[in-house]
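Please look over the sequence and the model before reading on.

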There are 2 protein chains.
Amino acid sequence: MTSSDTAAAGPHGNVHHRGGISRRGFLGVAGAGALAAGAGLGLSACASGSTPAAASAAAAEAFAFHGPNQAGITTPAQDRLHFAAFDLTTTSRAELVDLLKQWTAAAARMTAGDGAGEYGPVGGLYDAPPDDTGEALGLPPSGLTITFGFGPSLFGSASGTDRFGLAARRPARLVDLPHFPGDALEPARSNGDICVQACANDPQVAVHAVRNLARIAFGVATVRWSQLGFGRTSSTSTAQDTPRNLMGFKDGTANLKAEDTAAIDEHVWVAAGDDPAAEWMTGGSYLVARRINMHIETWDRSSLREQEAIIGRDKGEGAPLSGGTEFTELDLDAEGSRGPLIPVDAHVRLAHPSENGGAAMLRRGYNFADGSTDLGRLDAGLFFLAYVRDPRTQYVPLQNKLARDDALSEYLRHTGSAIFAVPPGVTDASGFVGETLFA
Amino acid sequence: MTSSDTAAAGPHGNVHHRGGISRRGFLGVAGAGALAAGAGLGLSACASGSTPAAASAAAAEAFAFHGPNQAGITTPAQDRLHFAAFDLTTTSRAELVDLLKQWTAAAARMTAGDGAGEYGPVGGLYDAPPDDTGEALGLPPSGLTITFGFGPSLFGSASGTDRFGLAARRPARLVDLPHFPGDALEPARSNGDICVQACANDPQVAVHAVRNLARIAFGVATVRWSQLGFGRTSSTSTAQDTPRNLMGFKDGTANLKAEDTAAIDEHVWVAAGDDPAAEWMTGGSYLVARRINMHIETWDRSSLREQEAIIGRDKGEGAPLSGGTEFTELDLDAEGSRGPLIPVDAHVRLAHPSENGGAAMLRRGYNFADGSTDLGRLDAGLFFLAYVRDPRTQYVPLQNKLARDDALSEYLRHTGSAIFAVPPGVTDASGFVGETLFA
């Protein structure tokens, strides 16, 4: 067979994929049994899968892209992250809106387990670059969510240029984060016009999502920085076990949980009237991202007693040092023969809502390990992500206090920082991410 | 309760973990049902798990550490990698041997799903650093394998110093790799005295393993470089689907498979008599590691036709351009109206054993994505790992040819390189990794 045999065949004589191939279509070949999405999965995928990916319920999980809020916030935290901050290279508002529309369409497709576009020689166009890069072909949705946010620079550059005519619509809550004590921020790991948070249970699916959004943005926006993460460090659902961070402690025991909708409404979602100049943010949230390096080697050489005193919980079970088990409330007043059972500079004490005027955050961070530094130390730590309704009251005062007083700070170095206004969700297929901002 | 209440209680009054806590012990609390190891797992872990990790058969998988060959070579490739190269800071042969003994003990424990050492206040030693860092507490074995290898520098430094009295035992096959056309190697990503390849189905387990080995090595060896990887890019077993690399193509279709023991014996394991000066390597293998960056953005803008011509397979199915389906043998002689169906400079043609005097390798590489470069490009590609019986005939000539002639080379940049002699396995609990070298 040669390329001239039939008009419908591809140039290499492979007729089996004419008309394009979707990730879904591929599952019939490569991942049979793994697509039964969501709660109805049951045991069939477990029983029939021959690979780890196919065997796992987590692989078949799929979350809706459309809804009043963006997915990836109260969604039960997936295990892997690829986070990217983009800078726009265009100054055209029309091109920005067009990018957001293209990104919305691609994100909806990829979230459902399809490619960013039709894969393959659609219409016989073998001589065009593919509309999907291919590395997720055959992989199930894997719980992918894609969440978009807008940085302060989108609303006016540092030089005062309002590139997109958005300055008047900048939310008052989208503050420039202040310099916190001990900050060692690297500009190349900080800020950005637009962020994309891709979470999935398979890193290949998360990386595929960011890579295809970057491909679509060619000529309009470029990646400013990106960060991979693994081992979600907070549970965001009561159905999840509490995971451990790279200090070896359980993290997120006291985190806000999606099931507590009253608390989520109070602390996470922007409500109508919150900010009269930025009603477009109703149903959205604010995201604070901090790349926090840990001095792993120093930590590993400190005693168990010191580690537990610094955190304020026991390392094994995660119970407060005031007693009980993991989910026992802290007793900040409990005294032992040597003073407070939870030391005055313990992390859990200083971070507790009762010590911060009730301020709480929905944390959604990930561990990271980016190889080693020139000194042979692990370049690793916590990529902190937190969603709040108002960063001015829920993040800034707390971080000021922690950076100043928290015993843990000695072992941390904040190397990256960014803040984003995360707009509400896209309610149907005719909408696009951020459309309320441009309305 | 205060710290002085009972002698057996911890200083913080938490009595529930006295006597130390193992990862296994923890499973009763945090991962119930997930430890049934190996093939006998059945459905119970699937059915009972409330988290992705617990739900997955891949999580409960466990491989034996002891055996005639090291695990992690013909073991069905796990999904995640943390690879580290260490440099020794000691010049004491006794300290080197002691390190290998400590590493062996810790590796055997961690492979079985335990901590690197007993976790917790063993003997009440709250004032000592823990013998395990804790972040894998509660996590099942996750298919962890830990594989050790020795670099050329262990047998004598560049300055000619034979630090450990091993120069006479250096295998002839452990060559210094030559400079290949186009090499852009970074010293900080290349070479090393000893390598540790940790593979697992959970990155947190792989990172935990390397981190604890680095902790144990404190004062004797430091990490020179390390690399994380995901989405194994080669299947090493006929039971595995063929995964895709970041070019979007299936990779490893024609790889050696563990089930073909005759081919493995011929191409992977060092046999008695192979190298009279290095009989200690019998049952071992040689590992070539190459960090290969891909020009992702350029690739993504090339046409599907060009991509398929460069690889020599169709992108969707992975079938050779000479026709058939994924596992159809290449027909290198097939001609179409425009010349060979598999172009003369296609990757699959140039790399095929029939074009290389029968040379074959057991590839075991991983995709990597290390964020972005200063230019906003993905710092991503393939971390190539290949096990061979003799790098001089199985890797060096092939890479010389590919670097010179392969159409794919235009899209690749080799940024890291290393070679290691991987000694035979540890046959029982009294042995240690590399003991034949020191006998």
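## The nonpolar core

A206(A) and A206(B) touch the most other members of the largest nonpolar core, which has 220 residues. A nonpolar core is a set of buried Ala, Val, Leu, Ile, Met, Phe, Trp, Tyr and Cys residues joined through C-beta atoms within 7 Å. A residue is buried if 20 or more other C-beta atoms lie within 10 Å of its own, exposed if 12 or fewer, and partly exposed in between, with C-beta atoms placed from the backbone.

Leaving aside residues up to four places away in sequence, A206(B) touches R80(B), L81(B), H82(B), L144(B), A198(B), C199(B) and A200(B). Contact requires that two C-beta atoms, placed from the backbone, lie within 7 Å.

## Basis of the model

The model is predicted: local features need pLDDT of at least 70, side-chain atom pairs count only at pLDDT 80 or more, and totals for chains, interfaces and linings use all residues. Residues are numbered from 1 along each chain as its sequence is written, while chains are lettered from A and ligands numbered from 1 in the order in which they are written.

## Domains of chain A

Chain A comprises domain 1 (34-63) and domain 2 (64-439), with bounds from an automatic or database domain assignment. The C-alpha centres of domain 1 and domain 2 of chain A are 27 Å apart. Ten residues of domain 1 of chain A are in contact with 14 residues of domain 2 of chain A.

## A partly exposed glycine

G324(B) is partly exposed because 15 other C-beta atoms lie within 10 Å.
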